[in-house]
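Please keep the sequence and the three-dimensional view at hand while reading.

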Amino acid sequence: MSAKTPFLERVEKALADDHLRGAVRYTAENLYLKRKAVMADLDVLAEKGEALGNFEELRARAQEIKRHTLAHLDAYLKQAAEQIRKNGGVVHWAKDAREANQIVLEICKKRGAKKLIKSKSMVTEEIHLNQALEAEGMEIVESDLGEYIIQLARETPAHIVIPAIHKTRRQIADLFGAVAGRELATDTKTLAGFARATLRQKFMTADVGVTGANFVVAETGTLCLVTNEGNGRLTSSVPPCQISVVGMEKLVPRLEDLAVMLNLLPRSATGQKITTYFNMITGPRRPGEPDGPEELHVIFLDNGRSNILATQYQEVLSCIRCGACLNSCPVYRQLGGHAYGSIYPGPIGTVLTPLLQGFDQWDELLQACSLCGACAENCPLGIQLHKHIIRLRGEAVAQGREHPLMRTALKAVHFAWTRPGVYKFVARSAHLGVKPFTRRREDGSEYLDNLPSIAAGWTNSRTMPAPARKPFHQRWAELQREEGAK
Amino acid sequence: MTTEQDFLARVAEKLGRSPESAPPPFRPSEPLPAIGPRGKDALADRFQMELEKINGVVHRVNDASEVAPTIVRILNEAPAADPGKSRAGDQDGAGTVGRTVVRWADPLLDEFDIDRALEQAGWQPVAFRQGDDGRAFVARVEQAHAGIVGCDAAIAETGTIVLGSSPLGGAEGNGRGSGDARGNGSAGGRGRTVSLLPPVLIALLRKEQIVFDSAQLFRRLARAPMPSQVIFKSGPSRSSDIENDLTIGVHGPGALHVILL
Amino acid sequence: MKVSLFITCLADHFAPQVGEAVYRLLRRHGVEVDFPEGQTCCGQPSWNTGHLDDARDFARLYMKAFAKSEYIIQPSGSCAGHVRYFYPEMFPEGSRERQEAIAIGRRTYEFTEFMVRVLGVKDVGARFPGKAVFHNNCHMQRELKVQEEPLEMLRCVRDLELLELPRPDLCCGFGGAFSIKQPEISTAMADDKVDAIAATGANLIVSSDLGCLMHQGGRIEKRGLPIRTLHIAELLWEGVQQNVG
Ligand code: SF4
């Protein structure tokens with residue numbers, strides 16, 4: 001068989017890393033269970049008339065909001081841009097990562113800004129903003145605790161909500177210790193306290209704060225940030241200039257629509273009814289206000305998103321990046337995020353990455369899925385992720401992106417099994433064909449082992465039942481005779 | 001660089017039509033239902049219960065005259081969670097967080113004579129006055145022991161307080177906020193950082209400001225111009241980024257006290 | 001009442017006794033059973049690997065073989081789920097074939113689903129000593145939404161101790177071709193599942209999906225664990241015989 005691809009190498013590495021697997025499994029399980037409990041509570045509250053709806057109802061509402069918005073996305077973007085300008089903000093448009101980074105750089109240059117602080121944002125990871133700025137000699141510091149940890153480790157996030165999901169407190173203490181220049185205790189309080197103090201200084205001296213946005217309200221041009229730590233608020237309150245990079249699909253039409261989203265996002269992400277901070281930013285600081293940024297820039301980013309519009313994958317753009325699909329994914333649970341190789345891991349990453357960036361590097365991701373459907377079941381937007389994975393596999397196969405032996409095997413099965421006569425013949429003779437691999441147990445029953453070629457993938461770690469000498473369809477005739485004799 | 005026109009034209013083209021000049025009004029197939037109890041007391045009870053679940057502290061007072069003494073009591077009894085260690089200015093262990101307390105200069109707080117009570121108790125109140133330098137103010141806020149703000153509203157369902165960078169408009173008449181129905185957009189005496197940088201946050205809330213759910217609040221916000229920043233704050237700052245272990249007070253305040261009048 | 005049996009390619013090849021058990025249990029409850037000619041495989045292997053046109057051929061074959069059947073019973077939640085959930089997807093909206101696919105999906109049942117929901121039979125009169133966990137396969141719980149039925153039937157089995165499995169919803173890693181294409185991930189998932197089952201003290205894994213059972217059983221055999229795997233129909237039928245005998 002051919003040499004290991006980079007993807008398979010990453011998978012192997014992840015599976016061999018017990019630390020990582022233990023940490024990921026622990027946190028993903030925790031988040032999954034918390035989400036499940038809070039959704040069960042929600043259903044009870046809805047029953048009592050104390051919630052805007054149960055999970056299914058809210059999900060249907062959220063879908064309706066997003067479907068409508070995406071269908072009129074150009075008009076909503078226009079409306080949002082007009083409002084943002086009316087509020088005193090500046091709107092920029094970036095068709096790809098390069099343009100977005102360029103815009104950020106130019107804003108910084110114009111202000112003479114050198115130091116940036118960032119609150120947690122996946123879209124700036126997507127465009128590799130940090131690298132672009134660092135290449136120009138700027139300092140950009142992540143302020144979300146998890147992002148800060150992985151920035152120090154010079155890694156990418158391993159989870160879209162919990163970036164340092166794979167790090168143990170020992171590893172975190174070592175990373176922080178290197179910054180502090182002394183040994184740190186490993187308790188959460190010490191570590192979080194150290195980060196707070198260090199980052200506070202960064203906040204006070206930053207020239208620019210960079211954020212993403214969880215939602216943008218078109219009718220008011222309001223940017224919404226959902227956080228627990230307060231880094232989103234700091235980033236948008238303390239530095240004199242704020243730049244928000246926003247995926248163009250993040251719009252909702254009205255303020256009221258936020259109620260639906262706010263009921264779903266924290267519950268789905270961390271199992272909270274609500275996060276500590278929900279921050280709505282409508283323009284920069286106004287005359288007479290003591291603080292807040294004097295400049296507010298919003299960069300709307302396409303970066304491949306428009307290619308998804310009006311295709312069978314359009315609903316993927318309604319994703320609110322809650323991470324519920326990761327936490328419920330049995331494959332993510334084994335691998336963590338880095339094995340995927342993409343900024344977006346797990347089910348949403350498996351679908352979104354090839355859609356945004358093409359198959360060339362990413363078609364293999366599509367194989368890292370057992371199609372169990374847990375992702376779609378838990379997704380607050382009901383995105384049929386596993387269906388999309390099948391569709392994308394279909395496109396990849398149509399382009400000839402497939403292991404040749406696998407293709408031959410599947411084509412042979414199709415040939416034989418769509419012809420019932422051939423099917424029967426094959427079924428009856430199967431036990432003969434696998435004779436060299438048939439083993440006998442103590443009780444006389446048979447099984448297969450050491451199968452060749454692609455089937456070795458099975459028998460390397462599992463035995464396989466031996467085909468019956470008499471398949472059921474042959475047995476059927478006997479059953480009928482028996483019945484007739486009664 | 002891509003222009004707005006090109007960007008939007010591409011989106012429209014992908015959607016298979018020419019650009020729309022304005023979005024059609026969005027009308028969900030069913031309006032959001034009215035939910036929850038309505039009575040002031042029921043809302044207050046629920047608010048308290050929910051906030052306590054997420055580590056907030058509620059102090060009930062019956063009379064405006066009790067507000068200032070309650071603030072003093074909170075300040076005296078509940079020193080910031082390890083303020084010396086967690087403050088940027090105090091890294092070398094000088095520990096001089098001082099006795100500064102920042103507060104909004106806002107009609108929401110005016111009637112309680114807070115400054116005098118603070119001074120009598122040995123605390124030093126600071127507020128932003130028109131004409132002050134903003135950066136200098138933020139630097140002082142950063143050094144303060146606590147921040148005192150008034151709530152513009154609260155949401156019982158989630159134990160959430162709502163704070164605007166200026167008063168919210170759009171009240172339906174019962175809210176005794178300082179904002180008029182249009183929202184006034186520029187009340188200078190507040191400050192976003194007052195509720196954010198000090199380790200302790202004390203917020204004053206009146207029972208009649210509480211609504212049950214966020215949808216009611218968003219509808220109210222939609223009736224008037226939005227302040228430059230509106231936050232929903234639900235409990236003290238928290239993180240679970242270290243081995244999924246909950247920790248309180250990461251960037252924002254580690255203690256949240258709501259005085260419920 | 002008359003039903004048709006779709007044996008599934010896996011049971012036909014590897015576990016004919018499962019088909020026999022289904023047949024006998026149905027007969028025991030007075031149901032007439034036929035076995036239409038022309039049936040082979042539901043087509044999941046093609047569909048799941050992205051051979052979408054090939055998968056459509058299988059769907060057509062199934063729809064033809066069972067065109068006249070009022071009830072189609074399968075000893076597999078996975079294949080029944082595939083028919084009900086994915087067949088309609090394969091044909092253009094508004095087409096006659098899509099209508100047929102939707103209709104045949106409605107007439108297709110997983111075995112325990114049919115027993116409990118249609119026949120109203122939970123207790124088949126079985127006795128089967130052992131400590132069991134039930135493994136529900138993914139399509140069965142999510143696409144068919146069949147969760148309680150097999151458990152209800154197992155609870156009626158005398159001397160069978162049904163143990164609680166933590167995270168019963170979690171996929172065991174079979175996933176059809178996935179188990180061969182990504183054997184390392186698939187095996188890691190199997191290990192998690194098997195470890196969780198072993199921790200309950202069970203000596204028996206019961207399921208309504210032969211794929212999952214082959215996968216878990218094959219792993220168990222390699223690891224030398226004392227746990228047996230058994231299809232639910234087989235268990236019930238063995239149990240009926242034990243009870244009578
Ligand atoms: S796809 Fe759904 S579950 Fe996954 S991150 Fe997006 S919204 Fe959340």
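After helix α8 of chain A comes A:Arg154, whose phi is positive, near 55 degrees. Helices (H or I, at least four residues) and strands (E, at least two) are taken here as DSSP runs, numbered from the N terminus. The model is predicted, and local features therefore need pLDDT of at least 70, side-chain atom pairs count only at pLDDT 80 or more, and totals for chains, interfaces and linings use all residues. Residues are numbered from 1 along each chain as its sequence is written, chains are lettered from A and ligands numbered from 1 in the order in which they are written, and side-chain values use heavy atoms, with hydrogens and water left out.

Helix α8 of chain A spans residues 145–152, and because seven of its eight residues are buried, it is largely enclosed by the rest of the structure. Buried means under 20% relative accessible area, exposed over 50%, and partly exposed in between (1.4 Å probe, protein chains only). The buried residues are A:Leu145, A:Gly146, A:Glu147, A:Tyr148, A:Ile149, A:Ile150 and A:Gln151. Their cover includes α6 (122–126), α7 (129–135), β3 (139–142), α9 (169–180) and α10 (188–205) of chain A, together with β10 (238–242) of chain B.

Chain B itself comprises eight helices and twelve strands, and 58% of its 261 residues count as buried. In the loop between α1 (4–14) and α2 (40–53) of chain B lies B:Pro24. Because its relative accessibility is 27%, B:Pro24 counts as partly exposed. Residues up to four places away in sequence aside, B:Pro24 touches A:His68, A:His72 and A:Tyr76; contact means heavy atoms within 4.5 Å.

Chain A also meets chain C, with 71 residues of chain A in contact with 64 residues of chain C. The size of an interface is often given as the accessible area lost when the parts come together. Between chain A and chain C the buried area (the accessible area, 1.4 Å probe, that two parts lose on being put together, summed over both) is about 6,000 Å², and carbon and sulfur atoms give 60% of it. A:Trp417, A:Arg462 and A:Phe472 supply 12% of the area that chain A buries against chain C, more than any other three residues.

Twelve salt bridges cross this interface, a salt bridge being a side-chain nitrogen of Lys or Arg within 4 Å of a carboxyl oxygen of Asp or Glu. The side chains of C:Glu89 and A:Lys387 form a salt bridge at 3.0 Å, N to O. On the side of chain A that touches chain C, helix α21 (residues 472–485) gives the most, with eight residues.

Within chain C, C:Gln74 belongs to strand β3 (residues 72–74). C:Gln74 counts as buried because its relative accessibility is 0%. C:Glu110 is 36 residues away from C:Gln74 in sequence, yet the two are 5.0 Å apart in space, C-alpha to C-alpha. The side chains of C:Gln74 and C:Tyr62 are joined by a polar contact of 3.1 Å. Such a contact is a pair of N or O atoms within 3.5 Å; within protein, one must be able to donate a hydrogen and the other to accept it, and residues adjacent in sequence count only if both atoms are side-chain atoms.
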